[in-house]
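Me: I am new to this structure and would like to learn how to read it. Could we go through a few features one by one?

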Amino acid sequence: MKFLEVKNLCKIYGKGENQVTALDHVSLTVEKGEFAAIIGSSGSGKSTLLHAIAGVDVPTKGTICLDGQDIYAGNSDQLAVFRRRQVGLIYQFHNLIPTLNVVENITLPVLMDRRKVNQRRLNELLELLGLEDRRKHLPNQLSGGQQQRVAIGRALMNAPAVMLADEPTGALDSRNGQEIVRLLKESNQKYGQTLLLVTHDENIALQAERIITIADGRVVRDSKGNRTPARIEDRKAEKRERKAGQS
């Protein structure tokens, strides 16, 4: 089922000699519940694409439809509601409010939307994220990995239709990074949410069902098919063999 559809998306910054084309007629579709990784070198446009889908970076032209709805067709207030209710956005840096505890940071999007907190969902998320015993802790009382778990909880609290993660493991060590990816995959499978993850880490990208490669603002490769743990190990073995042959 086609859930997310991006058509001829362009994003241009600046004018004249200073003009930079970040996205150059990008088109793609993503199915409901799919886990796709977006990869590319620095400046390729992958984060710009993610932010346009999230409704935080208005494209120069083109359309983005989520579940049949053009997200940029409405006014700014409607776009803000869309971001709060339909999108869970996770950045490399957690951006938690330092004076709010774990529960307050996670439930902030619900309170900003002037809705009642679903305590059952909150408790379920705290259990999923392993934060049950950290409910009243402030961000400076948590490790980097725990802070990023809080950021994931905040993104999931409103039960968004799509989760967008922009280098969510970039500021973490390898162990914590793998734990964050595991939690994102678990939420993707448990709640059936569509997950798009921007990363430069091949090992993380290989865990996705699909890898979309961006270069110079364009989609240059789009490969599908489950990346099982065995397949990941095969790829690692192939790389080791190539290196051995070159030495």
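Reply: We will take a sheet, the helices on it, a helix pair and one glycine. Keep in mind that this is a predicted model.

Me: In what order do the strands of the open sheet of six strands lie?

Reply: The order is E6-E7-E8-E3-E9-E10, and the pairing is mixed. Strand E6 (87-90) and strand E10 (218-224) stand at the edges. Each has a single partner strand, so one side of each lacks a neighbour in the sheet. From one strand to the next, the twist averages 15°.

Me: How many bridges join E6 to strand E7?

Reply: Four bridges join E6 to E7 (residues 162-166), and these two strands run parallel.

Me: Which strands does helix H1 lie across?

Reply: Helix H1 (residues 46-54) lies across strand E3 (35-39), E6, E7, strand E8 (194-198) and strand E9 (210-215). H1 runs at about 150° to E7. Helix H2 (residues 76-86) lies across E6 and E7, at about 75° to E6.

Me: What describes two packed helices?

Reply: The angle between their axes and the distance between the axes describe such a pair. Here, helix H4 (residues 119-128) and helix H6 (residues 174-191) pack at an angle of about 140°, with their axes 11 Å apart. That angle makes H4 oblique to H6. The crossing in which H4 passes H6 is right-handed.

Me: Which residues make the contact of H4 and H6?

Reply: H4 contributes Arg 121, Glu 124, Leu 125 and Leu 128. From H6 come Leu 183, Glu 186, Ser 187, Lys 190 and Tyr 191. By type, the residues of this contact between H4 and H6 divide into four nonpolar, one polar and four charged.

Me: Now a single residue. Is Gly 145 buried or exposed?

Reply: A residue counts as buried when its relative accessible area is under 20%. For Gly 145 the relative accessible area is 4%, so Gly 145 is buried. Gly 145 is found in helix H5 (residues 144-156).

Me: Which residues does Gly 145 touch, not counting residues up to four places away in sequence?

Reply: With those sequence neighbours left out, Gly 145 touches Leu 172, Asn 176 and Ile 180. Another pair to look at is Gly 145 and Asp 173, which are 28 residues apart along the chain. Their C-alpha atoms are separated by 8.6 Å.

Terms used
Residues numbered from 1 in each chain as written. Predicted model: local features only at pLDDT ≥ 70, side-chain atom pairs only at ≥ 80, totals over all residues. Heavy atoms only, no water. Axes fitted to C-alpha atoms, helices over the stretch in contact; angles between N-to-C directions. Parallel < 35°, antiparallel > 145°, perpendicular 65-115°, else oblique. Left-handed = near helix turned anticlockwise from the far one by under 90°. Contact = heavy atoms within 4.5 Å. Nonpolar A, V, L, I, M, F, W, Y, C, P; charged D, E, K, R; others polar. Buried < 20%, exposed > 50% of the residue type's maximum accessible area, 1.4 Å probe, protein only. Pairing = 2+ DSSP bridges.
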